[in-house]
Amino acid sequence: MDDNVGKKALKAGTWYTVCTFILKGLSFLTMPIFARIMSTEDVGIYSNYISWITILTSVFTLDLYTSVNLAHFEYDDDIYGFISTITLFGTGVTAAFYAIACIFVDQVTDWLGMSEYMMHIMFLYLLVHPALSALHVKFRVYLQYKYTIITSLVPAIASVLVALGLVLIVPEDGQLTARVSGYYGVWILVSAAIYVYVVMRGRKFKMEYVRFALPIALPMVLHLLSNALLSYSDRVMIKRFCGETDTAYYATAYSCAMVISILWNAMNQAWAPWVYEKLHRGEDKDIGKVSRPIVLIFAGGVLLLTLMAPELLLIMGGRKYLPAVYVIPPVMLGYIAQVLYTMYVNIEFYYKQQKQIMKGTMAAALLNIILNLIFIPIFGYVAAAYTTLVGYIALFFFHYLFVKKLGKEKIYSLRFNLYVLFGSCALGISMTFLYDFTILRWIVVGGVMIAVFLFVWQRRSELKRCLKKKDIVGILQVCKLMK
C-alpha cells in the first residue's frame, strides 16, 4: 500500500486485529473457567443459545447495518441521519417479531430449547444491539479505529467479568441464567445508550434511506442467515440428535479452532474497505498481489494450530473434552476456505451483487444441513465438522463462479487458491494421525517456530524499517512472500 489510504487502512487494520484478539481472548481465557465450573449440559445449552441468537439476528433485525458500507459513498454528508433511519426502522421490524413470539411463547421456547426468560433477554438484545453494529461499521469505513476500540473493549470486558462473577456466586442450578444475564445484560445496557446517541445525533427518518438500505440488506439477510446456519446449525442439530453433552464437546472444540476466524474477521474489517477503494480506482492488480501472501500466512497458521489441537483443547476445556479433538482439524481447514471465499464476496459486495452472495451462501447452508441430517445420526458430532468443511469449500466455488460472471475472476489466481486450499486440507487431515505422538508433534512445532524466528531475526532491520513506514508491501517483500 503506497498511498495515505493504504497506510491508514494498515494502521486501522492492525488496531482492529489487536482489539478483536483482546475481545475474543477474553472468551478464550474465561472459557476454561466456565467449562470447569458449569456442567457440560449447561455449557451445551448456552452454546445452543448463542447459536440461536446468531441465526435469528439476521431474520429479526434485517441486518440493516450492512448497508452503511456503501451508504458512505452516497450519503457521506448525512451518515448519522442514515444510521438513525435504519436503526429506527430495524427496531420496528424486531418489535413485530417480538410481539409474535410473546403471543406464542410456549411454542417458541420449546422449539428454540430455551427458557422464557432467556427468550426475553434475546429479544431485548436484538432490539438495541443493531445500533451499535451500525456505528461500528461507520467507524470502520471512516477508519476511526479508536472509537471502535472504546465501544468494543469496555462493554466486552465488563460483560465477561459480570457473567463470570455471577456464575461464581450463584448455586449450580442457577449458573446458566446467571451467565446469560451477566453477559447479555451488559451489552443490552451499552447498546441502549448507543441507540439513544445515534438516534439523537441523526434526528431523521427518511424513506429514501430505507429504500437505499433494503435492496442491499435484504439479500444480505439471507446471506448472513445462511452463513450463520452454515456455522451454527450443526450445534442445534447435534443437540437434537446427540444431546447437550455432545453439543458441549463440539462447541468447546469448535471454539479452539475459531482463532483463525477471529484473525481473519478482524483483518477483513480493514481489508474490505481497502479493496473497495482499489476497485473504485480501477487498481485491480494491487488486490491480487497483496492477497496471495495473506492467504499463505493464514494457511500456515491453520496448519500450525492443527498440530497443537490436543493441547489447545486441554487448555480450553480440560481433559474431559479431549475426545472432541478430531473436531478441530476440519473446522480449522474450513476457515481457509472462508478466507478465500470472503475475498470474492468483497468484490461482489462492491458491485452490489448481494443477490448472488445470498444464493451462494443459501446453497452451501442447504448442503450443510442435508449432510448433517445424513451423517450426524450415523457418525456422531464429529461428522458435523467435516460437513461444515464441505460447505465452506462449496461456498468458495459458488462465489468464484459469481465473480467470473462479473469478469473479475482474474483479480485472484484460481490455481494458486486451489493449491493452497486442497494442499492444506491434505496436510491438516493427515496431522490427526500424529495426535497420539506428542513428542514427535512438538518436535515439528518447535522446528517450525525456530525456523520462523531465525528468518525474522535475520531480516529484523528491514522489517523494522517497513513497520515504521507502515509499508505492508515492503514487509511482504522482505519476507519473500511478494515480488
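Author: Start with the contacts of Asn372. Leaving out residues up to four places away in sequence, Asn372 touches Ser233, Asp234, Met237, Pro377, Ala384 and Thr387. This is a predicted model, and every value here is computed from it. One of those neighbours, Thr387, also makes a polar contact with Asn372, side chain to side chain, at 2.6 Å. Asn372 sits in helix 15, which covers residues 354-379. Is Asn372 buried or exposed? Its relative accessibility is 0%, so Asn372 counts as buried. The cut-off for that word is under 20% relative accessible area.

Gln338 belongs to helix 14, residues 328-350. Gln338 has a relative accessible area of 8%, so it is buried. Which residues does Gln338 contact, once its neighbours within four places in sequence are set aside? They are Ser261, Trp264, Asn265 and Tyr392.

Step back to the whole chain. The protein has 483 residues, and 57% of them count as buried. Its secondary structure comes to 20 helices and zero strands. Take the contacts with a separation of 6 or more: 81% of them join residues 24 or more positions apart.

The largest nonpolar core holds 147 residues. Tyr49, Phe82, Met122 and Trp271 have the most contacts inside this core. Phe82 shows what such a position meets. Not counting residues up to four places away, Phe82 touches Ser67, Val68, Ala71, Tyr75, Tyr209, Phe212 and Ala213.

Helix 2 spans residues 40-61 and helix 8 spans residues 175-202. Their axes lie 10 Å apart, and the packing angle is about 35°. The crossing is right-handed.

Helix 8 has another partner, helix 6, residues 116-141. The axes of helix 6 and helix 8 come within 7 Å and cross at roughly 35°. How do the residues of this contact divide by class? They comprise 20 nonpolar, four polar and no charged residues. The crossing of helix 6 and helix 8 is left-handed.

Finally, two backbone details in loops. Most residues other than glycine have a negative phi. Asp63 has a positive phi, near 50°, and is not a glycine. Asp63 lies in the loop between helix 2 and helix 3, the latter at 68-74. Its relative accessible area is 3%, so Asp63 is buried. Arg203 likewise has a positive phi, about 50°, without being a glycine. Arg203 is placed in the loop between helix 8 and helix 9, the latter at 207-242. Is Arg203 buried or exposed? Arg203 is exposed, because its relative accessible area is 62%, and the cut-off for exposed is over 50%.

Conventions
Residues are numbered from 1 along each chain as its sequence is written. This is a predicted model: local features need pLDDT of at least 70, side-chain atom pairs count only at pLDDT 80 or more; totals for chains, interfaces and linings use all residues. Side-chain values use heavy atoms; hydrogens and water are left out. Axes are lines fitted to C-alpha atoms, for helices over the stretch in contact, and angles run from 0 to 180 degrees between N-to-C directions. Helices (H or I, at least four residues) and strands (E, at least two) are DSSP runs, numbered from the N terminus. A crossing is left-handed if the near helix is turned anticlockwise from the far one by less than a right angle, and right-handed if clockwise. Buried means under 20% relative accessible area, exposed over 50%, partly exposed in between (1.4 Å probe, protein chains only). A polar contact is a pair of N or O atoms within 3.5 Å; within protein, one must be able to donate a hydrogen and the other to accept it, and residues adjacent in sequence count only if both atoms are side-chain atoms. Contact means heavy atoms within 4.5 Å. A nonpolar core is a set of buried Ala, Val, Leu, Ile, Met, Phe, Trp, Tyr and Cys residues joined through side-chain atoms within 4.5 Å. Ala, Val, Leu, Ile, Met, Phe, Trp, Tyr, Cys and Pro count as nonpolar, Asp, Glu, Lys and Arg as charged, and the others, Gly among them, as polar.
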